[in-house]
Amino acid sequence: MNEAQIQVICNGAPRTLPGARTLAELLPALTDACDFAVAVNEEFVPKSAYGALRLADGDRIELVVPMEGG
Amino acid sequence: MWRVADVELDSRLLIGSSLYPSPRVMQEAIRAAGAAVVTVSVRRQQAGARGGEDFWAALRALDVRLLPNTAGCHSAREAITTAEMARELFGTHWIKLEVIGDDYNLQPDPFGLVEAARELVAQGFEVFPYCTEDLVVGEKLVAAGCRVLMPWGAPIGTARGLLNPYGLRTLRERLPGIPLIVDAGLGVPSHAAQALELGCDAVLLNTAIAQATDPVAMAAAFRHAVLAGRLAFEAGRMPERDLAQPSTPVVGTPFWQQQQ
């Protein structure tokens with residue numbers, strides 16, 4: 001694998017992404033949703049932290065949207 | 001009007017947003033129910049789908065307060081992270097806390113529930129815990145900072161009504177200052193009326209309305225049942241008796257002859 005790339009799991013599926021990038025920079029590749037929230041490695045990541053969080057190889061990303069519920 | 005979590009609500013019927021035939025029927029059913037609070041969830045966006053956007057647009061068009069849930073969580077950790085995501089996504093600190101302990105009957109895990117409630121209350125959440133009708137679990141949740149309890153009537157989606165009215169009555173008597181919302185297991189409006197009659201403050205239901213043949217009509221039926229049940233509770237029911245007592249006056253009964 002190219003060293004400049006990282007392997008992450010996003011919503012349960014493996015994804016290859018460019019390395020050394022922040023979550024804010026990588027999000028457009030991960031979702032087209034307007035309203036969403038994110039957890040990385042089971043920890044919630046507030047929107048204010050997207051710009052500072054650098055994703056690493058093996059990170060597990062959960063990206064959730066509003067859904068019906070009971 | 002009744003009060004829960006520092007908010008005055010004019011409806012004692014809380015309603016879910018799932019399982020309707022369409023977003024439009026959901027909208028109409030919520031209006032017909034007169035519900036002021038609607039439950040929602042967070043889920044992974046489905047690949048290729050504009051996940052749930054029709055539903056979300058339909059819901060935003062209504063003037064309702066949202067109560068996000070942590071449905072499907074099996075540990076306090078999962079529930080806490082889900083609640084944090086929901087708070088940001090829906091812009092509310094209200095959370096319907098679900099920590100499932102058993103997949104067979106979706107029974108809440110009381111230990112995980114108390115652990116998650118304590119942490120979420122510390123983070124400033126208003127925690128609505130989906131719990132069993134167990135008194136001690138209720139007391140522990142209140143001690144953890146919950147100001148409302150949501151005991152089940154029966155397991156989610158079973159439509160069996162109140163399986164343990166005695167337990168709910170005990171909760172009511174022992175925790176008089178805590179709003180009780182019976183959540184889950186109701187099937188027909190009479191179940192909702194019964195919950196209100198025995199002193200519960202409100203009911204939360206989803207499937208009984210959404211899966212009715214006519215969800216909008218059933219929503220209206222539940223609205224009336226909740227009103228009737230609450231009115232009956234406030235009116236004060238007569239005591240149960242073992243022996244019959246005639247309601248028509250006995251004195252002056254025709255054809256009655258004194259025994260010789």
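1. Strand β1 (residues 5–10) of chain A runs parallel to strand β5 (residues 60–68) of chain A, and two bridges join them. Two strands count as paired if DSSP finds at least two bridges between them. Helices (H or I, at least four residues) and strands (E, at least two) are DSSP runs, numbered from the N terminus. Opposite A:Cys10 stands A:Ile61 of β5(A).

2. This is a predicted model, in which local features need pLDDT of at least 70, side-chain atom pairs count only at pLDDT 80 or more, and totals for chains, interfaces and linings use all residues. Residues are numbered from 1 along each chain as its sequence is written, chains are lettered from A and ligands numbered from 1 in the order in which they are written, and side-chain values use heavy atoms, with hydrogens and water left out.

3. Two residues of chain A deserve a check of the backbone. Most residues other than glycine have a negative phi. A:Ala20 is not a glycine, yet its phi is positive, about 55°. A:Ala20 belongs to the loop between β2 (13–18) and α1 (23–30) of chain A, and is exposed at a relative accessible area of 59%. Buried means under 20% relative accessible area, exposed over 50%, and partly exposed in between (1.4 Å probe, protein chains only). A:Glu42, also a residue other than glycine, has a positive phi near 70°. Its place is the loop between β3 and β4 (43–45) of chain A, and A:Glu42 is partly exposed, at 41% relative accessibility.

4. Rings of Phe, Tyr and Trp (its six-membered ring) pair if their centres lie within 6.5 Å; planes under 30 degrees apart count as stacked, over 60 as edge-to-face and the rest as tilted. The count over all chains is three aromatic pairs. One of them is A:Phe36 with A:Tyr50, a stacked pair with 6.4 Å centre to centre and 5° between the planes. The pair links distant parts of the chain, 14 residues apart: A:Phe36 is in the loop between α1 and β3 of chain A, and A:Tyr50 in the loop between β4 and β5 of chain A. A:Phe36 is buried at a relative accessible area of 12%, and A:Tyr50 is buried at 7%.

5. In chain B, the ring centres of B:Trp56 and B:Phe90 are 5.3 Å apart with the planes at 80°, so this pair is edge-to-face. B:Trp56 lies in helix α2 (residues 53–60) and B:Phe90 in helix α3 (residues 76–90) of chain B, so the pair ties together parts 34 residues apart in sequence. B:Trp56 counts as buried at 9% relative accessibility, and B:Phe90 is buried at 10%.

6. A charge sits over a ring if NZ of Lys or CZ of Arg is within 6 Å of the ring centre and within 35 degrees of the ring normal. B:Arg87 lies over the face of B:Phe125, 3.9 Å from the ring centre. B:Lys96 has its charged end over the ring of B:Tyr130, 5.7 Å from the centre.

7. Helix α1 (residues 23–33) of chain B has buried residues including B:Val25, B:Met26 and B:Ile30. After α1(B) comes B:Gly34, with a positive phi near 70°.
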